[in-house]
Amino acid sequence: MKTRIVKRPQLSVGERIYFATVVKGLLLTIKHFFGVCRDLFDWKNKKTAITMQYPEERWDFKDNFRGAPALVMDQFGREKCVACQMCEFVCPPKAITIWPAEFATKDNNVEKFPDRFEIDMLRCIYCGFCEEACPEEAIFLVKEAELVHTDKKDFIHDKGKLYEMGGIREDRILKWQHK
Amino acid sequence: MSGTVNVTVDGKQVAVPGGLNLIEAARYAGKSVPHYCYHPRLSVAGNCRICLVEIQGQGKLQIACNTRVTEGMSYFTDNERVRKAREGIMELLLINHPLDCPICDQAGECKLQEYAVEHGSGITRYAFEKVRKPKNVSWGDKVVFDSERCILCTRCVRFLDEVAGTPEVGLDMRGEKCTLVVKGDGKLTSPYQMNVIDLCPVGALTSRDFRFKSRVWFMHFTDTVCTSCARGCNVTVGSRGDRVLRMVPRANPDVNHNWMCDHGRLHYAFVNDETRLTVPRVAGKGAPYAAAIARAKAILEGARGQGILAVASPFMTNEELFAMKELLDRLGVEDRFFLKPMGEGDDLLVHPEKCPNARGAALLGFAEAAAEWPSKEYGALLHFAPHEGADLPEEALKRAKRRILFSLKEREADVCFPLTTWIEKDGTVVSAGDRLQRLTKGITFEPTLVTERTVLDRLHASLDASHRPPDTAAQALARLAAALPAFAGVTWTRIGPLGMKLEATGAPA
């Protein structure tokens, strides 16, 4: 292989002394120090401080943030999930388990619902495939990223927990009304 | 018509048996023609129109299912004109088809899905509201009908009429209102009615039993044999998580064609029974296999002078029966019986013997138990309890001082070993007409369970250190074939997935 000789940049005299640069950096630090001191008196309108007072202050996640998966209901408070198990099938770490069941009565037009729906958050990798695969728009990754428990069992989100996290999302199609 | 005729399929010349229709003839050229209403075991209806092919010299496209090959015929199954026609048919069939696939049990094995991908255009031009028809209609306690999904192929109508002999379904109304109806009170009565579920190319007919239990792509499929009666219908068992979820017939022209009875199909609950025995019991307490085998050995050795009664079960495989025979030979046991449960049979498939392997038990030297039991007193009883049907009468049980039982559920005995069911082991059975068929292991009910053959062999080895038991069922069968003339020349691979006739027994077919 042919050797290529790289010419190193030559530092100027001022740069070689580097005193001016040290002063410049120190001034910035002092500026920030006083800036943060000022921010401490009016934290809400802080200008310099970029740290976050964590438990009190939280991130405002963007709408496309991929947090924990959760189930949603439509504006009529109806379960949107029809237990098709597409999310269970597509889930790469096999975190989702669904036990489908059939409605005992035929008064609604939906035939199938998830009797139990569990997501093991210790397995979940927050990939969002479940949301993508869902034909009913029933599962979404919500802005929930802080899952802290002292018991492993608490990481298995059951149907109640998933609906509590997911809440209500407007549904334009409302298939159950038409069929 | 007979003899062979030469036809050209998509430019490829093949010689096919005369009298074949164009769908079957295309198979000889390695071509598959799509079809919904055509079924090789039913009469031709020709109403789905998806099998249209272009025959050279004929102006219009013809349906392949109702056209027979003639000498020198040349037809195209995959040219531009045929593809366009199929696309049109698919579009027509899908106009009113609901988007039920996420909740439809047929999804994954649905011909409509397959052909829509293969032959459909992928879009619909139909901008109007779909026709709504009754959904989730109960056709009795076994079959559920969904009229919206139905493509009116009439396979179910023809099956119930031609094969089951109970013409109870027909088409009603015309045009978009056309739907299937069941005569009388709308409930099917045929004991073979669930075959219409397998026949239905779409999800219009689904099983009440299997409804919503599992999507088909989650299941593990095992080709084995039904053990509900001596017919030994070839089946495919679908399981998930080591529990049996459904059984469907597997085509075998020599045994069950493409059908099976509803009783056999639904007869698997005892496999999934969570209260089954999974560890041996010694005097009513759970014990490891080694301890139970040691106790059984002590009982058998202690009873040698007083005689041993051996009662096998016709639910055992030939290999298990042979392992038992070897053990009994070693112990010098004379009284070997088996209990044969009997019931009702019919002309189509159901056999009056309600067990899979009574013939095998007889071939291996066990005598069918008579109504009267020998009034002898025994030192020990070695008994394989049948899964169901008449068990050993109490008087016979009382004849023996000590009892070694093999049972699905826990029973009172000195030693009680758990039984494994037919889907938990490899083995062979001799079905009706002396047909040797293979059982294949599909599930492991509980990892602790040891199959009966292994228990018998370990018991034998504990009595006789020179006993070298076979490892696999194929090896056990080879040993059995070498020992018994009725099984001469039989090997595991020779039996094959469809079974073989035991010629040496000389029984009529």
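Predicted model: local features only at pLDDT ≥ 70, side-chain atom pairs only at ≥ 80, totals over all residues.
I started with the domains of chain B: the centres of domain 1 and domain 2, taken over C-alpha atoms, are 51 Å apart. I noted the bounds too, 4-78 for domain 1 and 281-505 for domain 2.

Next I looked up a helix pair in chain B. Helix α2 (residues 80-94) and helix α3 (residues 111-119) have axes that come within 10 Å and cross at roughly 140°. An angle over 145 would have counted as roughly antiparallel, so I wrote α2(B) and α3(B) down as oblique to each other. The crossing of α2(B) past α3(B) is left-handed.

Which residues meet there? From α2(B) I listed B:Arg86, B:Glu87, B:Met90, B:Leu93 and B:Leu94, and from α3(B) B:Leu112, B:Tyr115, B:Ala116 and B:His119. Sorted by class, that contact has 6 nonpolar, 1 polar and 2 charged residues.

Then I moved to B:Pro191. I found B:Pro191 in the loop that runs between β9 (179-182) and α5 (195-199) of chain B. Leaving out residues up to four places away in sequence, B:Pro191 touches B:Cys261, B:Asp262 and B:His263. I also checked B:Pro191 against B:Lys340: they sit 149 residues apart in sequence and 23 Å apart in space, C-alpha to C-alpha.

Last, the chain contact. Chain B puts in 7 residues and chain A 12 residues.

Definitions and conventions: Residues numbered from 1 in each chain as written. Chains lettered and ligands numbered in written order. Axes fitted to C-alpha atoms, helices over the stretch in contact; angles between N-to-C directions. Helix = DSSP H or I, 4+ residues; strand = E, 2+ residues; numbered from the N terminus. Parallel < 35°, antiparallel > 145°, perpendicular 65-115°, else oblique. Left-handed = near helix turned anticlockwise from the far one by under 90°. Contact = placed C-beta atoms within 7 Å. Nonpolar A, V, L, I, M, F, W, Y, C, P; charged D, E, K, R; others polar. Domains from an automatic or database assignment.
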